[in-house]
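Hi,

Here is the structure I promised to pass on.

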Amino acid sequence: MQNLPRWAEFLRTPPLELALLDEWEEKIERIARHVQHVDVTTLAGVPTWMMLLLRRVTALAGADNITEVWPNLRLFLHGAVAFGPYRALFKELIPSERMRYLEIYNASEGYIAVQDEPDSEDLLLLLNHGIYYEFIPADQFEAENPRTLQLEEVELGHSYALVISTNAGLWRYKIGDTVRFTSLAPYRIRITGRTKHFLNAFGEEVVIENADAAIAAACRATNTTVRDYTAAPIYFDASATSRGGHQWLIEFTNLPPSPDQFVAVLDQTLRQLNSDYDAKRHRDMALAPPQLTVAPAGTFERWLGSKGKLGGQHKVPRLSNSRELLDELLRVL
């Protein structure tokens with residue numbers, strides 16, 4: 001932002017002295033007080049933190065929703081986390097038929113992809129932005145010397161770890177994201193998760209793409225919205241009847257009328273999307289039904305704050321193959 005051309009300062013808000021503040025809670029408050037008096041037409045940022053800002057701006061203005069503050073708001077350019085679980089929430093925050101949402105895949109390491117078709121969630125892979133791409137198949141993620149594929153070798157429907165070399169100096173860098181190709185002409189992708197963020201303690205191979213879709217389906221079925229979530233394994237114990245499972249810690253913006261229905265839809269959607277998970281859930285033999293723990297409002301924000309990670313560049317890991325993160329969050333409770 002410090003290197004933007006001077007003319008850009010006339011088109012964006014807030015001013016740099018606010019945008020570059022280090023202390024995030026002060027930043028949110030001061031930005032909210034400043035931008036409520038600006039005619040904002042386009043938003044760009046991470047959904048989780050943009051949601052906090054919109055709520056604060058609305059509250060300070062004494063408005064019912066953000067369209068009363070910014071009547072000309074038309075577009076939200078979002079990234080960093082999957083938008084599916086937040087879509088219903090943003091429709092509540094911005095109840096306008098003219099509002100549009102476009103995803104961009106613009107990491108610190110380079111500008112990788114963009115949603116070029118408004119009616120599709122697929123992202124067009126950018127092939128002329130100074131990035132050379134390689135792809136590691138899922139069965140090679142943990143290999144010491146993984147086999148990589150060039151762009152012309154990828155296939156539809158498979159998850160690959162992304163490796164990039166750039167004209168900024170990165171050389172065969174594992175960015176940490178996994179992608180799945182939905183089209184080969186042109187090359188279009190969807191981000192499926194992170195190479196270290198998945199659930200596979202029992203061979204179920206649940207990735208973030210599965211989890212986000214299941215959360216979104218459960219929200220639609222129970223007319224609720226989710227602020228944040230994470231999930232981790234429940235391991236076998238010494239008892240003869242012990243089964244593995246998954247514990248989901250979820251912070252709702254409003255509690256579902258039937259938590260049991262929420263869990264049932266979550267479970268059923270995962271089974272439909274993921275044959276490995278479905279096999280492990282067959283007759284509850286290897287995996288028990290998901291276990292829901294409701295997190296009070298602000299739980300994930302307090303945890304991020306305790307780690308010094310408040311801010312738009314920091315996200316809560318959605319899935320973990322160990323209980324370390326989940327147990328830390330439970331201690332926050």
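Before the helix pairs, one convention: a helix axis here is a line fitted to C-alpha atoms over the stretch in contact, and angles run from 0 to 180 degrees between N-to-C directions. Please keep in mind that this is a predicted model.

**Helices α8 and α9**

With that convention, helix α8 (residues 299-306) and helix α9 (residues 324-332) pack at about 105°, and their axes are 10 Å apart. Angles of 65 to 115 degrees count as roughly perpendicular, so α8 and α9 fall into that class. On the α8 side the contact uses Thr-299, Phe-300, Arg-302 and Trp-303, which meet Leu-325, Glu-328, Leu-329 and Val-332 of α9. Sorted by class, this contact of α8 with α9 holds five nonpolar residues, one polar and two charged.

**Helices α2 and α3**

The next pair is α2 (residues 24-35) and α3 (residues 47-61), whose axes come within 9 Å and cross at roughly 50°. That angle makes α2 and α3 oblique to each other, and the crossing is right-handed. From α2, the residues Trp-24, Ile-28, Glu-29, Ile-31, Ala-32, Arg-33 and Val-35 take part, and they meet Trp-49, Leu-53, Arg-56, Val-57 and Leu-60 of α3. The contact of α2 with α3 has nine nonpolar and three charged residues, with no polar ones.

Is α5 mostly covered or mostly open? Mostly covered: 11 of its 15 residues are buried. These are Ile-208, Asn-210, Ala-211, Asp-212, Ala-214, Ile-215, Ala-216, Ala-217, Ala-218, Cys-219 and Thr-222. What lies over them includes the strands β9 (187-194), β11 (206-207), β12 (225-234) and β13 (245-254), along with helix α6 (259-273).

The packing of α5 on α6 can be described in its own right. Their axes are 8 Å apart and the angle is about 140°, which makes α5 oblique to α6. The crossing of this pair is right-handed. On α5 the contact is made by Asn-210, Ala-211, Ala-213, Ala-214, Ile-215, Ala-217, Ala-218, Cys-219, Ala-221 and Thr-222, and on α6 by Gln-261, Phe-262, Val-265, Leu-266, Thr-269, Leu-270 and Leu-273. By class, 13 residues of the contact of α5 with α6 are nonpolar and four are polar, with no charged ones.

**Backbone points to look at**

Most residues other than glycine have a negative phi, and most peptide bonds are trans. A few places in this model depart from that pattern.

Just after α5, Asn-223 takes a positive phi of about 55°. Asn-223 sits in the loop between α5 and β12, and with a relative accessible area of 67% it is exposed.

Arg-172 also has a positive phi, of about 50°, although it is not a glycine. You will find Arg-172 in the loop between β7 (159-166) and β8. Its relative accessibility is 42%, so Arg-172 counts as partly exposed.

Where are the cis peptide bonds? One joins Thr-13 and Pro-14, with omega at about 5°; Pro-14 lies in the segment before α1 (16-19). Another joins Ala-185 and Pro-186, with omega at about 0°; Pro-186 belongs to the loop between β8 (173-184) and β9.

**A buried loop residue**

Finally, take a look at Leu-149, in the loop between β6 (131-137) and β7. Is Leu-149 buried or exposed? Buried means under 20% relative accessible area, and Leu-149 has 11%, so it is buried. Setting aside neighbours within four places in sequence, Leu-149 is in contact with Glu-134, Phe-135, Pro-137 and Tyr-160. The C-alpha atoms of Leu-149 and Ile-136 are 6.3 Å apart, with the two residues 13 apart along the chain.

How values were computed:
Residues numbered from 1 in each chain as written. Predicted model: local features only at pLDDT ≥ 70, side-chain atom pairs only at ≥ 80, totals over all residues. Heavy atoms only, no water. Helix = DSSP H or I, 4+ residues; strand = E, 2+ residues; numbered from the N terminus. Parallel < 35°, antiparallel > 145°, perpendicular 65-115°, else oblique. Left-handed = near helix turned anticlockwise from the far one by under 90°. Contact = heavy atoms within 4.5 Å. Nonpolar A, V, L, I, M, F, W, Y, C, P; charged D, E, K, R; others polar. Buried < 20%, exposed > 50% of the residue type's maximum accessible area, 1.4 Å probe, protein only.
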